[in-house]
Amino acid sequence: MSRERNISVIQGLRYQGGGVQLAWLLHRISGLGIVLFVSLHILASFFGGDFGKFTNGIYEAWWFQLFVIFCALFHAINGLRITVLDLWPKLLEYQREAIWMEWAVFLPIYGIAIFVIIQTALGG
Amino acid sequence: MQVTMKIFRFNPEKDTKFHYETYTLEAEPTDRVLDVLERIKGYEDGTLAFRRSCAHGVCGSDAMRINGRNYLACKSLVKDFGANITVEPILGLRVIKDLIVDMNPFFENYKKILPYFITESPIPEDGRERLQSQEDRERFDDTTKCILCAACTTSCPSFWASDDYFGPAAIVNAHRFIFDTRDEAASERLEILAETSGVARCHTTYNCTVACPREIQITKAIGEVKMAMVTGKV
């Protein structure tokens with residue numbers, strides 16, 4: 001212990017950074033989700049056959065679509081917030097408000113997506 | 001009120017792994033967390049190790065994680081945390097003993113940004129101070145408040161990932177000189193900060209600004225340094 005840095009993934013996740021750290025964490029998770037989605041597409045096209053059908057089955061499943069839309073939508077909106085704040089550093093004084101605005105934009109759009117996907121999954 | 005304080009303990013002379021010890025004692029709601037730690041060290045367990053110096057939020061010695069977030073123990077009141085308080089060392093630095101961490105990597109990063117006044121210009125003819133307008137002074141007023149407590153740097157996920165990253169505190173102190181009209185080494189500092197371990201590692205997480213006990217707009221300062229780097233305008 002004494003020769004090592006006092007840090008691990010668990011300790012980092014346990015840090016009480018609040019809403020700003022949650023946004024940072026979700027940005028990483030959603031980025032990985034998008035990579036997973038694109039990778040599945042490439043693998044399905046490359047191998048085809050039974051493997052392709054199996055992979056298609058995963059990313060066409062309603063629960064995976066909910067996950068992918070969450071990832072793409074959150075990553076895009078959060079990325080836009082960070083880009084705007086990076087380009088106009090003066091706005092960083094309103095970081096908290098920017099995060100609230102981000103959720104205010106994200107939640108209704110994702111809510112509509114959930115409604116449409118679930119309705120379609122139930123055959124509506 | 002009765003306070004139960006759970007404290008991170010590690011003694012390199014006998015422990016191979018850290019553990020937590022719990023102390024229950026009486027405290028006033030208006031006591032500071034540092035007061036409670038002093039009482040534990042003075043009356044219950046003299047082996048407890050932590051840094052403190054001025055105890056008034058100026059020296060920056062007693063940055064620690066209190067209930068999972070970085071604070072200065074001398075500026076944190078018991079009533080703000082409740083009856084159960086967990087105290088741990090700041091993250092990303094080697095623990096020397098209990099709440100004391102090795103600050104050397106932090107200060108090595110600080111030194112890299114040349115945190116001192118650099119000028120080649122001769123002193124004014126009257127031999128007195130180098131004058132500056134109030135507007136020019138205001139540009140870096142906020143970043144002069146840094147006390148190098150490391151609360152910001154050790155709350156930063158990019159620093160957790162690698163202590164090569166200069167960290168928010170070093171960049172804040174670079175900002176203090178880059179935007180000082182009397183200093184003439186802004187381009188040199190911007191070149192240093194353009195390294196892979198410089199400002200590019202900041203992902204605008206904002207943990208640093210939330211953790212700063214001096215309420216410095218750290219992420220904004222880093223953003224201004226980024227813009228100065230891109231535009232070349234100071």
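Where in chain B is the place of Asn67(B)? Asn67(B) sits in the loop between β3 and β4 (69-72) of chain B.

The model is predicted: local features need pLDDT of at least 70, side-chain atom pairs count only at pLDDT 80 or more, and totals for chains, interfaces and linings use all residues. Residues are numbered from 1 along each chain as its sequence is written, chains are lettered from A and ligands numbered from 1 in the order in which they are written, and side-chain values use heavy atoms, with hydrogens and water left out.

**View 1. Chain B as a whole.**
Chain B has eight helices and seven strands. Helices (H or I, at least four residues) and strands (E, at least two) are DSSP runs, numbered from the N terminus. The C-alpha trace spans about 60 × 35 × 30 Å along its principal axes. Of the 234 residues of chain B, 53% are buried. Buried means under 20% relative accessible area, exposed over 50%, and partly exposed in between (1.4 Å probe, protein chains only). The accessible surface of chain B is about 10700 Å². Carbon and sulfur atoms hold 48% of that surface. These areas come from the Shrake-Rupley method with a 1.4 Å probe; for residues, only the protein chains shown count as cover. Among contacts in chain B with a separation of 6 or more, 63% join residues 24 or more positions apart. Contact means heavy atoms within 4.5 Å.

Asn67(B) has phi near 50°. Its relative accessible area is 29%, so Asn67(B) is partly exposed. Ala55(B) has phi near 65°, also a positive value in a residue other than glycine. Ala55(B) belongs to the loop between α1 (33-44) and β3 (63-66) of chain B. Ala55(B) is buried because its relative accessible area is 5%. Most residues other than glycine have a negative phi.

**View 2. Leu77(B) and its contacts.**
Leu77(B) lies in the loop between β4 and β5 (84-88) of chain B. Its relative accessibility is 26%, so Leu77(B) counts as partly exposed. Leaving aside neighbours within four places in sequence, Leu77(B) is in contact with Pro29(B), Thr30(B), Asp31(B) and Arg32(B). The C-alpha atoms of Leu77(B) and Met64(B) are 14 Å apart. Along the chain, 13 residues separate this pair.

**View 3. Asn109(B) in helix α2.**
Helix α2 covers residues 104-112 of chain B and includes Asn109(B). Why does Asn109(B) count as buried? Asn109(B) counts as buried because its relative accessibility is 2%. The Asn109(B) side chain reaches the backbone oxygen of Tyr165(B) at 3.2 Å. That pair is a polar contact: N or O atoms within 3.5 Å; within protein, one must be able to donate a hydrogen and the other to accept it, and residues adjacent in sequence count only if both atoms are side-chain atoms. Not counting residues up to four places away in sequence, Asn109(B) touches Phe159(B), Asp163(B), Asp164(B), Tyr165(B), Phe166(B) and Ala170(B).

**View 4. Helix α5 and its surroundings.**
Helix α5 (residues 168-178) of chain B is largely enclosed by the rest of the structure, because eleven of its eleven residues are buried. Among them are Pro168(B), Ala170(B), His175(B) and Ile178(B). The buried residues of α5(B) pack against α2, α6 (186-193), α7 (207-211) and α8 (218-231) of chain B.

Asp183(B) lies in the loop between α5 and α6 of chain B. Asp183(B) counts as buried because its relative accessibility is 7%. Its side chain reaches the backbone nitrogen of Ile118(B) at 2.8 Å. Leaving aside neighbours within four places in sequence, Asp183(B) is in contact with Tyr116(B), Phe117(B), Ile118(B), Phe177(B) and Arg189(B). Pro122(B) lies in the loop between α2 and α3 (134-138) of chain B. Its relative accessibility is 69%, so Pro122(B) counts as exposed. The C-alpha atoms of Pro122(B) and Asp183(B) are separated by 12 Å, with the two residues 61 apart along the chain.

**View 5. Cysteines without disulfides.**
The structure holds zero disulfides over all chains. A disulfide is a pair of cysteine sulfur atoms within 2.5 Å. For Cys149(B), the nearest cysteine sulfur is that of Cys152(B), 6.3 Å away. For Cys202(B), the nearest is that of Cys208(B), at 6.4 Å. Cys149(B) is buried, with 7% relative accessibility. Cys202(B) is buried, with a relative accessible area of 13%.
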